[in-house]
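Here is a short report on a predicted model. Look at the sequence and structure first, then read on.

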Amino acid sequence: MNKTPLYNRHVALGARIIDFGGWAMPVQYTNVIEEHLTTRSAAGLFDICHMGEIDVKGKGAFDFLQHVLSRNIDGQKIGQMKLSVLATEEGGIMDDLTVYLLGENHYRLVTNASTKDRDYAWLLQVKDEKGFLRVEITDETDVIGKLDLQGPRSEDILQQIVPADLHSLKYYHFIETKVLNIPALVSRSGYTGEDGFEIYAPHDRIGEIWDRLLQAGVDYGLKPIGLGARDTLRLESGMMLHGNDMDETTTPYEVVYGWIVNLGKDFIGKDALSKQFSEGVKRKLVGFTMWERGIARHGYKVFKDGTEVGIVTSGTHSPTLEKAIGLAFVPVELSKPGTTFDIQIRNHFAAAQVVSLPFYKKEKQYVFFNTFI
Amino acid sequence: MSKVNPTDRRYTKEHEWVIDNGDGTVTIGITDHAQELLTDIVFVELPEIGKQVKQMEAVAVVESVKSVSDVYSPVTGEVIEANQKLEQSPELINHDPYGKGWIAKLKMEQPEELQALLDASAYEAFIAAEEH
């Protein structure tokens with residue numbers, strides 16, 4: 001298994017380690033609920049070194065990315081990041097990733113851990129086949145470390161060790177600065193539905209930043225947080241997880257990613273997606289809450305009037321709402337909020353109801369869901 | 001951190017406990033070690049009264065935020081009572097696995113099954129071996 005530079009620190013902190021897509025990662029340090037609530041009320045620090053970073057630069061980088069990404073990146077400014085889909089010819093979601101514009105014709109794609117190798121191979125293949133000869137594509141995953149600092153106290157904590165003014169940093173924007181005198185990229189973004197930052201720094205120095213942040217955060221209630229709470233935090237905020245809620249067999253229109261597809265430009269997968277857009281989708285990913293007792297889990301079947309009609313892609317107990325929530329694929333006619341269906345839990349059925357996403361929304365300065373990011 | 005496993009009962013290698021109530025019935029639950037591994041228990045599926053189970057057949061389900069685990073019956077018998085308090089307060093299993101966090105009561109069919117189960121010290125030796 002791959003280990004991040006922080007692995008020994010996790011072990012020393014008593015974390016329970018699991019295999020996450022070939023990476024030995026902390027799933028929890030104390031328990032998931034406690035870590036989840038800490039992130040919502042104070043701040044949490046996450047080791048995200050397993051995620052992929054692929055740099056795309058050189059003449060033609062913009063044209064190349066316009067060709068492979070579903071999102072129109074024309075107009076993206078240096079210092080801005082955007083969420084996009086890397087689509088297959090069939091319009092399937094190869095990956096959902098964030099695109100940072102570092103400089104003219106210099107982009108960084110931040111990918112899911114489990115899809116990085118596939119993304120990288122695909123990008124190289126398209127570059128060769130389509131003749132983007134001067135575009136340079138490099139896998140930086142092994143040299144870039146990543147930490148997520150998330151929660152309402154994040155800015156107060158990080159500001160102590162960053163010279164740049166963080167308060168003026170807008171959502172889905174980033175700065176190249178220093179953290180503890182270590183060159184770093186800091187963006188205001190994350191995967192929890194809270195205010196917070198994603199911090200990128202050299203792999204061999206990320207441990208120093210981790211240690212210092214935990215120290216700087218003591219008075220603010222900062223704790224290290226495992227992947228268990230990362231999953232419940234993202235689900236409450238209505239965010240999807242690649243490999244769970246979507247993959248190459250699902251399209252952006254079937255999940256909640258229609259808004260990051262721009263049919264006004266040419267890109268791989270456009271024909272298939274245009275067709276689907278005009279014909280309409282047959283199934284949709286929806287959020288649901290359980291009406292009856294039980295927790296729906298990934299892979300459980302959805303029934304309507306005794307007929308199997310769909311499948312649960314994510315499901316858990318929501319620590320903030322204290323009820324069972326989840327995401328499921330259902331036929332489009334069953335996707336309206338208020339619609340009810342049954343979920344098979346072991347040998348019985350429990351009623352669930354479609355609700356609009358997100359399940360949880362921060363009522364503060366940042367709007368995190370379906371905004372134009 | 002682990003609580004002491006009481007010596008008044010028997011244990012399974014699947015981390016359940018069973019106590020002989022002396023009237024042909026037993027009470028069952030999961031061990032402190034099991035609740036520690038599961039951490040925050042958020043849901044318990046209790047057996048129906050009258051359910052017949054064989055020894056080491058699934059009789060209940062406990063779920064944490066991340067996991068779903070079967071609870072196996074340490075004995076063969078019929079479920080005569082389930083701890084309804086767990087429906088509202090599943091965390092009782094975390095707080096008091098050997099007391100208020102009991103799961104069900106069964107009428108035993110084969111009381112001799114109890115003898116073959118682990119006593120507290122054998123169970124502790126088993127956990128220690130499992131962790132290495």
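## Core and chain B

The largest nonpolar core has 129 residues. Those with the most contacts inside it are A:Leu147, A:Leu149, A:Ile199, A:Ala296 and B:Ala104. A nonpolar core here is a set of buried Ala, Val, Leu, Ile, Met, Phe, Trp, Tyr and Cys residues joined through C-beta atoms within 7 Å. A residue is buried if 20 or more other C-beta atoms lie within 10 Å of its own, exposed if 12 or fewer, and partly exposed in between, with C-beta atoms placed from the backbone.

This is a predicted model: local features need pLDDT of at least 70, side-chain atom pairs count only at pLDDT 80 or more, and totals for chains, interfaces and linings use all residues. Residues are numbered from 1 along each chain as its sequence is written, and chains are lettered from A and ligands numbered from 1 in the order in which they are written.

Some overall values for chain B:

| Property of chain B | Value |
|---|---|
| Residues counted as buried | 45% of 132 residues |
| Span of the C-alpha trace along its principal axes | about 35 × 35 × 20 Å |

Chain B contains four helices and nine strands (DSSP runs numbered from the N terminus: helices are H or I, at least four residues; strands are E, at least two). Strand 4 of chain B, residues 41–45, is mostly covered, with five of its five residues buried. Strand 4 pairs with strand 6 of chain B (residues 58–64) in the antiparallel sense over four bridges; pairing requires at least two DSSP bridges. B:Ile41 has B:Ser64 of strand 6 as its bridge partner.
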